[in-house]
Amino acid sequence: MPKEGSLPAARSRIVSLYLPLWPTDRIRKRLGKDAPAPEAPLALAGREGRRRVVLSVDLAARKLGLRPGTPVAKAQALYPDLVLMDADPEGDRLGLEKLALWFQHRIAPIVAVDAPDGLVLDTTGADHLHGGELPMLKDMVHRMAGAGFRAKAVVADTWGAAHALARYGRLAIAVVPSDKTTSALADLPVEALRLPPTIIEGLATLGVSRIGPLAAMPRAPLALRFGPDVARRLDQAFGRIGEAIVPVRPVDPVEVSRNFAEPIGAAETIARYIGKLVPLLCQGLDERGQGVRRLDLLLHRVDSRTEAIRVATAMPVRDVRRLTRLLCEKIETIDPGFGIERMVLIASLAEPMDRRQTVSSLIAEEEVDVSDLIDTLANRVGTQALYRFAPVESDLPERSFCRVPALAPEETKDWPEHWPRPTRLLARPEPVQAMAELPDQPPLFFIWRGVRRKVKCADGPERVFGEWWKNDAELTIARDYFRVEDTSGERFWLYRAGDGEHGETGSQGWFLHGIFG
């Protein structure tokens, strides 16, 4: 249980996911085979007032020099090969909302649309579940690239800083340390502050084009000339004032909430109300015949900021004690600020749950359930750090297994038994120096990591061929594997790259691939 007293302050971390070519990439994705060729410049047109102008361009059109805001007639005259299509702002918005829900299911509970071309995520306390901030950002950009969308991702302490660096920074993936926000923003253009065009034009007439000089100017003359927007955006970017992120909501989730007449902030008080909300949520899940796989606790503070706790389970669960314990273990990550005025508990991912026969003297003993232990470990170290190996149909040892979730269903495939495999398989084969009398004979000795080992006995060879249906380069390759034991009793798994006679089958060098127990 958490210690008595108020909780310590936690550092906020906000991710801005920028999709610079979102409208055109989405159109190409939607059209599929009917989309223009990738090398054909594509532009989307719409109306600005009474004018018909270019609203979005793809990478090919941008390389030609075409920019948003160009009149359509001028664009068609300058670029005869330009493919022009009508923009779909409503479709872009709905697409971003679907994408936000997708990231909400996989990354963090607080995800919102940052219109018109991005998302904003509050990943405070969730990054460790994905291997840290940098691996998390790389995974996000990689997933978007796999889906056909170009993306940039930046994590910083504030929405304003992350938004600015994602759109105007040089790096496609960046992690901004907490003490580097001011220096990271100083050289960016004032457009990065999300100011209206009229204010940007006014600042340009004053000769102010960068955030650093703007932040150093006296506030009173700026407010007198441009209103409060300049000071507000600067304070939001530097973290002097908060900026609420209103997350997207899943469709019809099981949800319970509690409002407080007086704000709460003590750890034991938060734990007590978690204990009251979880039974209500489980009751709603029971009525639907569902169990929770991912549970989000949103805590709305009096300063309009939202703190979040996310826990996940390996199997559908509606055990009150287990869910309460998993949530209470995360309380220390909450920053209550000046107090929490509302708590919302959401089953953001729920699945059908089979009813199970309870143990009695008339049936066999219940199987040991380790899912509670798996859930506890996964929520502490991250789901990616907890896995087991499953067999894969492949002759190459390094491809004969894969990682699966700890409680994934058992595979019907089994490990090969015709040749024993080592207890420890190296991450990559390590070259060794070895000498054999004949091509099909095991080595007489080998030198590995500077230690010379004399072979006492050996078994083999086991010839393994390349998988030619996956890679043309593997049409002719072969490996000859040997199990060898040295004079000290240690056993190793060695192979020769090639058949020992023909150069096209491999380098004929020797490698150590595994160690037997």
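A: Happy to. Let's begin with what a cavity is: on a 1 Å grid over the protein atoms alone, it is a set of points where a 1.4 Å probe fits but cannot get out, and its lining residues have an atom within 4 Å of a point. Grid points are joined across faces, edges and corners, and a volume is the space filled by probe spheres set on the points. Please keep in mind that this is a predicted model, where local features need pLDDT of at least 70, side-chain atom pairs count only at pLDDT 80 or more, and totals for chains, interfaces and linings use all residues. Residues are numbered from 1 along each chain as its sequence is written, and side-chain values use heavy atoms, with hydrogens and water left out.

By this rule there are two cavities of 30 Å³ or more. The largest cavity holds about 70 Å³ of space. Around it you will find Ile 110, Asp 122, Thr 124, Gly 125, Thr 306, Glu 307, Ala 308, Thr 333 and Ile 334. Strand E11 (residues 306-317) gives the largest share of this lining, three residues; strands (E, at least two residues) are DSSP runs, numbered from the N terminus. By class, the lining of the largest cavity has three nonpolar, four polar and two charged residues. Here Ala, Val, Leu, Ile, Met, Phe, Trp, Tyr, Cys and Pro count as nonpolar, Asp, Glu, Lys and Arg as charged, and the others, Gly among them, as polar. The largest cavity lies between domain 1 (10-250) and domain 2 (255-352), because both give residues to its lining. Those domain bounds come from an automatic or database domain assignment.

The second largest cavity has about 50 Å³ of space. Its lining is made up of Gln 104, Pro 109, Pro 247, Val 248, Arg 249, Pro 250, Asp 296, Leu 298, Ile 346 and Ser 348. Strand E10 (290-301) and strand E12 (340-352) are the elements that give two or more residues to this lining. Six of the lining residues of the second largest cavity are nonpolar, two are polar and two are charged. Domain 1 (10-250) and domain 2 (255-352) each supply at least three residues to the lining of this second largest cavity.

Now for the backbone. The peptide bond from Ala 115 to Pro 116 is cis, with omega near 5°. Pro 116 sits in the loop between strand E5 (110-113) and strand E6 (118-122). There is also a cis peptide bond from Gly 460 to Pro 461, with omega near 10°, and Pro 461 belongs to strand E17 (residues 451-465).

Positive phi values come next. Arg 449 is not a glycine, yet its phi is positive, at about 55°. You can look for Arg 449 in the loop between strand E16 (443-448) and E17. Arg 449 is exposed, with a relative accessible area of 56%; buried means under 20%, exposed over 50%, and partly exposed in between (1.4 Å probe, protein chains only). Gln 508, also a residue other than glycine, has a positive phi near 70°. The loop between strand E19 (491-497) and strand E20 (510-515) contains Gln 508, which counts as partly exposed at 24% relative accessibility.

Key: 1 Å grid on protein atoms, 1.4 Å probe; cavity = no way out; pocket = protein on both sides within 12 Å on 5 of 7 lines; lining within 4 Å. Helix = DSSP H or I, 4+ residues; strand = E, 2+ residues; numbered from the N terminus.
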